[in-house]
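Student: I want to learn how to read pockets and helix packing in a model. Where do we start?
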Amino acid sequence: MIAITAASGQLGRHVVEDLLKEVAPKDVVAIVRNPAKISDLAERGVQVRAADYNDKAAFEKALAGVEKLLLISSSEVGQRAAQHRNVIEAAKAAGVKLIAYTSVLHADTSPLGLASEHIETEKMLKESGLPFVLLRNGWYTENYIASVPPALQHGVFIGSAAEGKIASAARADYAAAAAKVLTLDNQGGKVYELAGDRGWTLGELAAEVSRQSGKTVVYQNLSEADFKAALLGAGLPEGLAAMLANSDIGASRGGLFDDGKQLSKLIGRPTTTLEESVRAAL
């Protein structure tokens, strides 16, 4: 059986749907905090089991009979390492044969502050003795596309990535890669640096929004402090605002760029283009 954590989330749900194209529903285990959120998957024959990253005992029970596990990194920045340790220890106790973990692009050399908990998790996996495969995901294009509506409203797209190239891909692209890896043999020890086929700058994103919308949108580069303040002013929580501003600075230093095209090679098709993502958003 193959299990997916955070299966009701945006990435997890995509992975489950992709797996169901290749694997019988009874062999897919969707692990969530609230099973009611994916009752439709249960109706389709998927095994829905309840567990929380903070509850190691619940996870051990949820992983009974599971051979492969996709550990989707927790969204709770600052608590991730402890939560991931619970899942890894539960997987070892349950006899899981392979863990696939969604890390961050070039985690070991990344200038992004959020890489630290991913590095710590990768270290835990090595120390666990379990076979594991690292899915080092680049940025989701959706992370930036979410800012298109206010950019259209104000005519300005703000950030602090300067001229840094961002080789992003759609969330569905990364999900397809995870599903593929989970259905392949001999994945233990592999490290995939996953990113979009073509990098782009925030200035190019603003230009593309202008081109497709017919409204002028320009990119305004801010300092990390000013961008964080703007995000706080827009209602984002302190931790998220700080993480996004820091990640933009990391992007300006090459932290979100990779041109190896491992993602498109793995999924057997080109990654979703920036143009396609903007078109979908508009």
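Student: By class, how many nonpolar, polar and charged residues are in the lining of the second largest pocket?

Tutor: Keep in mind that this is a predicted model. To read a lining, sort its residues by class. Here the lining of the second largest pocket holds five nonpolar residues, one polar and five charged.

Student: Which residues line the second largest pocket?

Tutor: Asp18, Leu19, Lys21 and Glu22 are among them.

Student: About how much space lies in the second largest pocket?

Tutor: About 210 Å³.

Student: Is the crossing of α1 and α8 left-handed or right-handed?

Tutor: Right-handed. Next, look at the residues in contact. α1 brings Gln10, Leu11, His14, Val15, Asp18 and Leu19. α8 brings Arg171, Ala172, Tyr174, Ala175, Ala176, Ala178, Ala179, Leu182 and Thr183. By class, this contact has ten nonpolar, three polar and two charged residues.

Student: Let me try another pair. How far apart are the axes of α9 and α13?

Tutor: The axes of α9 (residues 202–213) and α13 (residues 274–281) are 10 Å apart, and the helices pack at an angle of about 50 degrees. So α9 is oblique to α13. α9 passes α13 in a right-handed crossing.

Student: Which residues of α9 and α13 meet?

Tutor: In α9 they are Leu205, Glu208, Val209, Arg211 and Gln212. They meet Leu274, Glu275, Val278 and Arg279 of α13. The classes here are four nonpolar, one polar and four charged.

Student: What about α10 and α11: at roughly what angle do they cross?

Tutor: The axes of α10 (residues 224–233) and α11 (residues 238–252) cross at roughly 145 degrees and come within 9 Å. Their crossing is right-handed. From α10 come Glu224, Phe227, Lys228, Leu231 and Leu232. The residues they meet in α11 include Glu238, Ala241, Ala242, Leu244 and Ile249. By class, the α10 and α11 contact has eight nonpolar, one polar and four charged residues.

Methods
Residues numbered from 1 in each chain as written. Predicted model: local features only at pLDDT ≥ 70, side-chain atom pairs only at ≥ 80, totals over all residues. Heavy atoms only, no water. 1 Å grid on protein atoms, 1.4 Å probe; cavity = no way out; pocket = protein on both sides within 12 Å on 5 of 7 lines; lining within 4 Å. Points joined across faces, edges and corners; volume = space filled by probe spheres on them. Nonpolar A, V, L, I, M, F, W, Y, C, P; charged D, E, K, R; others polar. Left-handed = near helix turned anticlockwise from the far one by under 90°. Helix = DSSP H or I, 4+ residues; strand = E, 2+ residues; numbered from the N terminus. Contact = heavy atoms within 4.5 Å. Axes fitted to C-alpha atoms, helices over the stretch in contact; angles between N-to-C directions. Parallel < 35°, antiparallel > 145°, perpendicular 65-115°, else oblique.
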